[in-house]
Amino acid sequence: MYHKVIEEYDFNDNINTTNIYKVINKIKETKEFSDDIIKAINIDIVAKNLQLLKQITQGYTLIKEHTFVMQIPYCEIQNSQIDDKVLVQGICDLIATNQNSTILIDYKYSQLSENLLKQKYNKQLYLYSKAIDYGLNKK
């Protein structure tokens with residue numbers, strides 16, 4: 001649910017509880033999540049993460065929910081000698097780009113340690129970075 005709130009938030013808006021509740025109410029209308037899940041949202045956590053994202057991406061052009069489809073050699077995904085190309089598709093949560101750099105941001109809300117998160121999602125982020133390299137011509 002936190003992912004959905006951040007996904008739907010307009011980063012041009014001021015970050016405050018009123019605007020966060022507007023997003024939550026918009027999501028509530030879709031009935032995509034139960035009332036219990038919506039009530040469990042900690043507004044302070046949402047606000048803290050939005051502030052961090054705004055700080056990190058200041059001065060960048062933002063691309064939200066960037067869908068990609070690409071072909072990549074199988075051996076780049078798995079430890080294998082097979083170099084046949086396979087189709088990979090996904091959605092990058094947020095890409096912040098300017099003339100000098102590109103930042104890939106994938107929203108995660110977890111109790112795992114930073115090291116375990118990196119281990120768990122390393123391959124996913126690698127594939128997303130490849131998609132950005134090829135799809136946005138950023139290297």
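Does Ile 45 belong among the buried, the partly exposed or the exposed residues, or, put simply, how does Ile 45 count by relative accessibility? At 22% relative accessibility, Ile 45 counts as partly exposed, where buried stands for under 20% relative accessible area, exposed for over 50% and partly exposed for what lies in between, with a 1.4 Å probe and protein chains only. The structure is a predicted model, in which local features need pLDDT of at least 70 and side-chain atom pairs count only at pLDDT 80 or more, while totals for chains, interfaces and linings use all residues. Residues are numbered from 1 along each chain as its sequence is written, and side-chain values use heavy atoms, with hydrogens and water left out.

The overall layout comes first. The chain has five helices and three strands, and its pattern along the sequence reads α-α-α-α-β-β-β-α. Helices (H or I, at least four residues) and strands (E, at least two) are DSSP runs, numbered from the N terminus. The C-alpha trace spans about 50 × 35 × 30 Å along its principal axes. Of the 139 residues of the chain, 31% count as buried. Among contacts (heavy atoms within 4.5 Å) with a separation of 6 or more, 60% are accounted for by residues 24 or more positions apart.

Back to the opening residue. Ile 45 lies in helix 4, and with neighbours within four places in sequence left aside, Ile 45 is in contact with Tyr 2 and Tyr 109. Ile 45 and Tyr 2 are 43 residues apart in sequence, yet their C-alpha atoms are 8.6 Å apart in space.

Helix 1 (residues 2-8) holds Lys 4 and also Glu 7. Lys 4 counts as buried because its relative accessibility is 17%, and Glu 7 counts as buried at 18%. Not counting residues up to four places away in sequence, Lys 4 touches Ile 27, Glu 32 and Phe 33. With the neighbours within four places set aside, Glu 7 is in contact with Lys 64, Glu 65 and Tyr 107.

In soluble globular proteins, nonpolar side chains tend to be buried together. A nonpolar core is here a set of buried Ala, Val, Leu, Ile, Met, Phe, Trp, Tyr and Cys residues joined through side-chain atoms within 4.5 Å. The largest such core has 20 residues, of which Val 5, Phe 11, Ile 20, Ile 41 and Leu 50 touch the most other members. Helix 1, helix 2 (17-30) and helix 4 each supply at least two residues of this core. Leu 50 is in contact with Ile 6, Tyr 9, Phe 11, Ile 15 and Ile 20, leaving aside its neighbours within four places in sequence. A second, separate core has eleven residues, including Met 70, Ile 72, Val 88 and Leu 127.

Ile 72 and Lys 130 are 58 residues apart in sequence and 8.9 Å apart in space, C-alpha to C-alpha.

Rings of Phe, Tyr and Trp (its six-membered ring) pair if their centres lie within 6.5 Å, and planes under 30 degrees apart count as stacked, over 60 as edge-to-face and the rest as tilted. Two aromatic pairs are found in the whole structure. In the pair of Phe 68 and Tyr 128, the ring centres are 5.4 Å apart and the planes stand at 80 degrees, so the pair is edge-to-face. Phe 68 lies in strand 1 (residues 61-73) and Tyr 128 in helix 5, so the pair ties together parts that are 60 residues apart in sequence. Phe 68 counts as buried at 6% relative accessibility, as does Tyr 128 at 10%.
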